[in-house]
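Please read these comments with the structure open beside you. They are meant for someone new to reading protein models.

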Amino acid sequence: MQSITLTRFLIEQQREANALPSELRLLIETVARACKTISYSVAKGALGEVLGSLGSENVQGEVQKKLDVIANELLLDANEWGGHLAAMASEEMETIHRIPNRYPKGEYLLLFDPIDGSSNIDVDLSVGTIFSVLKAPEECSGREVTEQDFLQSGRNQVAAGYAIYGPQTLLVLTIGTGVYEFTLDREIGSWRMTDGPMQMPQGTCEFAINMARRKQWSTGVARYIDERIEGAEGPCGKDYNMRWTASMVADVHRILKRGGIFMYPADARHPDKARLRLMYEANPMSFLIEQAGGAATNGFGPIMDVQPNGLHQRVGVVLGDRAEVEIVTEYGRETA
Ligand code: FDP
């Protein structure tokens with residue numbers, strides 16, 4: 001298949017769309033390079049002694065897998081010295097990582113979930129890396145970046161994407177000019193465009209939700225799912241299918257490619273409790289889904305309008321097919 005490389009795509013975006021400052025281009029290339037290295041580690045599996053847990057916990061109180069830590073270090077090391085960043089934040093680290101004084105600094109902030117879906121690593125299912133790029137606020141030039149500087153709504157993202165380490169290794173990216181997919185050509189080690197600009201199919205009758213969490217659902221979410229399970233005999237008048245990989249990257253990628261809806265709602269009994277993180281998962285995925293013609297809400301309003309109050313804030317997530325997201329969100333508003 002003849003296709004352009006990620007580097008050429010980014011240079012063309014810079015020239016033609018005038019949408020991409022060169023610092024941001026180089027930053028995206030660095031993240032993509034780190035994802036390539038992570039993909040080689042993931043693929044080595046037991047042979048590379050990268051499977052299993054470390055016995056330590058991350059800031060969220062979750063047991064860290066070896067690959068969580070390896071991927072986190074790879075992303076930090078790759079991005080520290082390039083001169084494009086003011087600081088980084090990771091799901092695996094309690095607080096922000098400032099660029100050390102020995103390296104040049106830039107104006108961007110990089111956030112990432114080094115290995116998303118890590119409970120799937122040891123059973124050889126797809127996992128991924130999710131990233132989001134913000135600009136450091138102007139007022140922080142000349143002083144140290146703080147955690148507060150990261151607390152910007154998803155609308156401020158200048159780039160977002162994920163790498164998925166599955167049967168193929170893919171990089172899916174947006175810089176706000178559509179969504180593009182690149183496949184890693186392992187033989188020559190480069191990312192080649194294989195899809196884009198991507199528009200997610202609408203009208204697909206497929207939902208993704210962890211049914212075992214039903215006790216935690218709001219009446220709106222339960223109503224939405226019950227109506228779909230009733231199928232052709234119920235109010236929807238058609239049959240629905242269900243898929244749940246339990247790896248957000250894999251579930252969202254399926255939805256981008258063939259449509260449907262993904263939901264990880266907040267716990268209705270404890271409204272402050274949700275599973276997915278706003279800054280590392282919900283915001284970047286929402287940016288991609290909106291750019292591909294879908295919608296993303298926290299069950300009540302657009303995720304990207306949420307004003308963050310903490311680096312590791314969690315949020316309910318409903319994303320994918322525009323009409324389906326609207327129905328869940330409407331049911332949520334009615335019963336709020
Ligand atoms: P994981 O904890 O394995 O990293 O990031 C959270 C996440 O995976 C998502 O990728 C995934 O959608 C979800 O958790 C799976 O949650 P359940 O175990 O509740 O299904």
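1. The model is predicted, not an experimental structure. The protein chain is divided into domain 1, residues 6–195, and domain 2, residues 206–335. Between the C-alpha centres of domain 1 and domain 2 there are 24 Å. The two domains touch: 50 residues of domain 1 are in contact with 33 residues of domain 2.

2. Several polar atoms of the protein face oxygen atoms of the ligand. A polar backbone atom of Met248 is 2.8 Å from a ligand oxygen. For Trp244 a polar side-chain atom is involved, at 3.0 Å from an oxygen atom of the ligand. Ser118 has a backbone N or O atom 3.1 Å from an oxygen atom of the ligand. The ligand on its own has 470 Å² of accessible area, and the protein covers 91% of this.

3. Look next at the backbone between the domains. Gly196 and Pro197 are joined by a cis peptide bond, with omega about 0°. Pro197 is in the loop that runs between β10 (190–195) and β11 (206–208). As background, most peptide bonds are trans.

4. Two residues deserve a check of their phi angles. Most residues other than glycine have a negative phi. Asp124, which is not a glycine, has a positive phi of about 60°. Asp124 sits in the loop between β5 (108–116) and β6 (127–135). Its relative accessibility is 71%, so Asp124 counts as exposed. Ala246 also has a positive phi, near 70°. Ala246 is placed in the loop between β12 (241–242) and α6 (248–258).

5. The last point concerns Ser3, in the segment before α1 (6–17). Ser3 counts as buried because its relative accessibility is 13%, and the cut-off for buried is under 20%. Leaving aside residues up to four places away in sequence, Ser3 touches Arg192 and Met193. The Ser3 side chain reaches the backbone oxygen of Met193 at 3.3 Å.

Methods: Residues numbered from 1 in each chain as written. Predicted model: local features only at pLDDT ≥ 70, side-chain atom pairs only at ≥ 80, totals over all residues. Heavy atoms only, no water. Helix = DSSP H or I, 4+ residues; strand = E, 2+ residues; numbered from the N terminus. Buried < 20%, exposed > 50% of the residue type's maximum accessible area, 1.4 Å probe, protein only. Polar contact = N/O pair within 3.5 Å; in protein donor to acceptor, adjacent residues only side chain to side chain. Contact = heavy atoms within 4.5 Å. Areas by Shrake-Rupley, 256 points an atom, 1.4 Å probe, with all protein chains shown as cover. Domains from an automatic or database assignment.
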